[in-house]
Structures are given as structure tokens and as C-alpha cells.
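Student: I am new to this structure. Could you walk me through the terms as we meet them?

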Amino acid sequence: MSTTTKIDLATSAPAKPAKARPRRSLRASSTLNFWLFTGPFLIGLVIFVFVPMGWSIYLSFFEARFTVSPSTFIGFDNYQAILDNPDFTGSLVTFTVFAAFIVPTTWGLSLGLALLVHRLRFMKAFFRSVFFIPTAVSYVAAALIWKMSIFNGVRFGMANTVVGWFGVDNVAWLANPDPPWYWLVIVTLRLWLQAGFYMILFLAALQNIPAELYEAAAIDGAKPGWQTFWYITLPQLRATSTAVILLLLIAAYQAFDEFWNLLGKATWGQPPLVELYKTALGESQDYGQGSAGAVILTLLILVITLFQGKIMGFGRGEESK
Amino acid sequence: MTTTAPDLRKTPGKKRGGKVIGNTGLYIATGVAALLFLVPFYLIVRNALMTDPEITGENWKWFPTDIQWGNFTEPFDDTTVDFGRALWNSWVVAILHTSGILLICSLAGYGLARIPYKHANKIFYAVLVTLMIPTAVTFVPSFVLVSSLGWVDTYRGLIIPGLFSGFTCFLFRQYFLGFPKELEEAARVDGLSYWGAYWRVVVPNSLNFFAAMATITFISGWNQFLWPLVIGQDPSAWTIQVALSSYMTNQTVNYHLIFAATAISILPLLFVFLFLQRWLVQGIAQTGIKG
């Protein structure tokens, strides 16, 4: 076995003298090996991540309509223009409200489901799968189900059938911004798609809480239920909660798929990314302004995540993040 | 895998008396939640197997009178949207996306975790920086780059820009940091280079983690929408998600056709979930805790 591998090695890595086997050659070649392993990734990262980012910052200071090669330097005019655009600033405000609502709800629902499933003795795997499986469905497919079958606003939609049982007239869920029922559509869709994924994270964390903590609490007279939940379970889940909230926040600001598909050309409830898409790739094809918007949104997300990291305390986050 | 066994021990089984009601309540609550979570799946199946008059009829019908299996071939015969092409594109993109990411990011993760190099830390920080920048936000600059390369409407444009995932690289690095060093050292004593040790010792002993990452990556590759929408300007380059999305804005709506198409689009992932859930759950639990 070892002889064959030796031969293989000598043929597969001819750059290295096969005879000089001991440490020195290993150390000398470790720089080369480092680049052999990381080179493809790093080159791609530079080309497809760093270069576009740099280019985008550069473009944001130029007049660049219908072209990606900038013509005239215009300073902060693109920033001025996109911040004066009420659609864009409106979407930033809307989405801060959206995030403030969807993040705690998803956190609560996924934690609730995890607590339920964790306590089950039999059929645990079955229920875990049921809550988890919506993760397999794309936002597009889910938007299609929600828009065409549940909340389609006509008589044969499922939601209108259900409210019809209580004698309520048809509700135009998506087609009318007042009252804003479309938020119910969006929020239920997101909850359905996301909760199972975060439930898995919470389940893993729940399993890692040492049983002795609960035993000790029982001896000290803590009532199982609310007290142990508040004083043991919740603090023990702190690290997971922090991570979950961070992921949810980032996901909320990056919302695109379901809004694009549910609301289409509607003027209400549009997230920042849809506004960026319209600016940069829509009729105006204003790459300069679109880039300025992307920079603003990136900075906003950075500030929010850093701020959230500060309050929730990424205390030992240095190594884990 | 050891998930259920220690758990049974943890739940106190002593005081049975008042627990019966508590347990019934628990199962009722879980059952009701589970039913609600299954409603959308039920709707897909119901609508995919009905005729349009049944779906849009005056009164809500729970089940089709005659199961319309023929609905499943209709998307492929539809002339407005080339569904077969979109399905094929999705397979190509998802498979190449998954294998590419796994190859490139695992190698980089291993290099960063295990191969000594004086600037390795600085390079790792540069990778971490990209984690702070949400990928979806960079679609404008990425599109600018890809279009100037002439990659719009091509597989290259759909796949290559997404291969360099800082997050996947980071997860692989964390995993390899925890990989038992003794195994590699033994391989090195036997005369294997880093490259040889990686392919002959490290990878064969990490298949569980690779399977978990492959599952997660495949799902995200199959389900991604924004990037294919931006790149697929011509219908021939559409993926299945873009095709589904186009059904919603079409002038004429064939409910049974649309839902049959949706069912077809979800099917591969349901298989992934049913057969690979073990790795998936393990992968999410591992990576989630670390990330």
C-alpha cells in the first residue's frame, strides 16, 4: 500500500525532487503547496468578488448610463440622486420595519418548533422532517403557491375560501396596498420557508444543554416550564440565538425573490434589491446610480450586523466568526 | 446520528402521572403545526392533478374527481415557455455549481487550515471580509463584470461567478482545523506530499462533511433566482426558477400546468431531502453552530 502511494506521488508531483524526502523539502515546498491549494480559489475571489466591488465603488462616482465604462466623473451626484429617489429611501425604511418584524417572529417560531420537537418521544424524526422540508422549496415556487393558490384574491383561493366560511367577503390580498394585507402574505411565506432551517440549529443547541443544569434547578426548587426555560434554556441558547438573528437580519435586507414574484410591478412593498435591479438593469440602465445604491445598502448591512454583534456580544466571536 | 439516543435519556421518565395530559397537548400542538406546514405541499399536489375548471370552480374541492396524470407532460409541450430547456439548464447549473464549489473551496479551506505559510492569516482575513458583504448586494457590479466578459446568457456566466464562496471556504477551513492531525502525519511519514495526503487520506475520511456541504450547495444552486434572472436575458438561458417566475406574469394562466411545473421543479430536492436528510441535518447543525 505505502509503496504504491510513494510511486504515485513521485509521478504526480514532479516539481519536487522525489528523493529528498525529509522535512526540509516539505517545509520549502509548503509555500508552493499553499498556493497550489488556495490559488484557484483566491484568484477567483479576486476576479469575481474584489474586482466587481472595487469597480462598483469606482462606477458610483461616474456618469455611467447604458454603459459599464464610465464617462465623466460626477463625484457624489449618484449618491445624491439615489438618496433623493423616494422609492429607494422608502424601501430602506420599509425594510428596516420589515426586518424588525420578521426577525423576532422567525426567531420565536423556530425556537418554539424546536422546543416542541425536542420534547417529543416518538415520531420525533417525522415531525422534524415535516417542519424542515419547506427549506427544500425555492422562494419562487413558494411565491407561486402563495400567489396563485392561497392568496390569489379571488373566490377560489384558499385564504378567501377560509374567510368565506366566516362570512367575510373576498380580500384582495396582494392587489391592494390599503389595508396592507400583502405583508401577511410575505410574512407567512417567509416563516414557512425559513423556520425549519433555524429550528434545526436550535434543536442541535438544545441537545447540547447539559441535563445536570435542569436537575440542579429542580433540586433548587425551580418549576419546570417557564422558570427553567427563562433561567436555563434561553441563556444556554444565547450563542445560537445570536447567530440566528444575525443570519435572519442579513437575509431580510437581501430579500428579493418572493417580492419580485409576489408583487411584480406593484409600487408598494418593494425591497431595496428590487429598486437596485430597476435602477441598474431596468429601463434607465443607470449603472452608476445602481452601484451607488449597492454601496449604500452594503454599508447599511455592515453597520447593522456590527451593531447587532455589539449588543448581542460576540464575546468569543473572534474565533468563531 | 447519536441525536435521538442520548435525548431519550435526558427526558425525565419518572413522573408519569400528570404527564399524560401534557404529552397529549404536546402532540396536538405539534400535529396542528405540522398540518399547517404541509398545506402548501398539499396545494401543489391538488392543483397539479386537477383540471382548471375544478381548481377555479365555485366551491372548494379538496380532491380531484379524476386524477389528471397527463398534466405532468403539459409543461414540456407548452410553446410559450421552454420548460424542458429550463429544467435541463437547472440540472447543468446545479451540478456544476456544486462540484465546482466543493472542489475549489475545500482545497482552499484545507490550505488555509493546514499548510504553514507566513501570510496565511492575512489571506484568511481577506476571505472573512467577503463574508461581511452580502452576496446579493454585489449583483450589480458582478453583472457589470460578467457582461463585459461577454458571458451573459451562457453557462459560464451562470456558474463561474458563484464558485468562489467565502462562506463555504470558511466552513471547510473550520472543519479541517478539527480533522485529526495524526492521520495526515502518518501519511506524510509514508512519504505523501500535501497533495497526496489530501486526496488519499483527508478526503476519504471526510466524506460525511463533503456530503453535507454538497447537499446544502446543491439546494442553493437549484433554488437560486436573482443571479439567473440577471444573467438569463434570453429564454434559452433560463433556469427552472426563472421559468416558474415567468408563468406568474404570463397573460394566460393555466393553473394545472403551472402547478405541475412547480411539482416537477421541487421533486429533485424532495428526493435530496428524503434520502440525504441525515447529512443535511448534521451539516447544518455543525456549520450553524460554528458559523
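Tutor: Let us start with domains, whose bounds here come from an automatic or database domain assignment. This is a predicted model, in which local features need pLDDT of at least 70, side-chain atom pairs count only at pLDDT 80 or more, and totals for chains, interfaces and linings use all residues. Residues are numbered from 1 along each chain as its sequence is written, and chains are lettered from A and ligands numbered from 1 in the order in which they are written.

Student: What makes up the domains of chain A?

Tutor: The assignment divides chain A into domain 1 (23-77) and domain 2 (80-320). Taken over C-alpha atoms, their centres are 32 Å apart.

Student: How many residues of domain 1 and domain 2 of chain A take part in the contact?

Tutor: Two residues are in contact if their C-beta atoms, placed from the backbone, lie within 7 Å. By that rule, domain 1 of chain A brings 13 residues and domain 2 of chain A brings 11 residues.

Student: Which element gives the largest share of the side of domain 1 of chain A that touches domain 2 of chain A?

Tutor: Helices (H or I, at least four residues) and strands (E, at least two) are DSSP runs, numbered from the N terminus. On that side, α3 (30-59) and β1 (62-63) of chain A give two or more residues, and the largest share, 3 residues, comes from α3(A).

Student: How many residues does each chain put into the contact between chain A and chain B?

Tutor: Chain B puts in 88 residues and chain A 87 residues. Helix α15 (residues 255-290) of chain B gives the most to chain B's side, with 15 residues.

Student: How many residues on that side of chain B are called nonpolar?

Tutor: Ala, Val, Leu, Ile, Met, Phe, Trp, Tyr, Cys and Pro count as nonpolar, Asp, Glu, Lys and Arg as charged, and the others, Gly among them, as polar. The side of chain B that touches chain A thus has 57 nonpolar, 26 polar and 5 charged residues.

Student: Why should residues 1-22 of chain A be read with care?

Tutor: pLDDT is the predictor's confidence in each residue, from 0 to 100. Where pLDDT is low, the predicted coordinates should not be read in detail. Chain A averages a pLDDT of 79, and 88% of the residues score at least 70.
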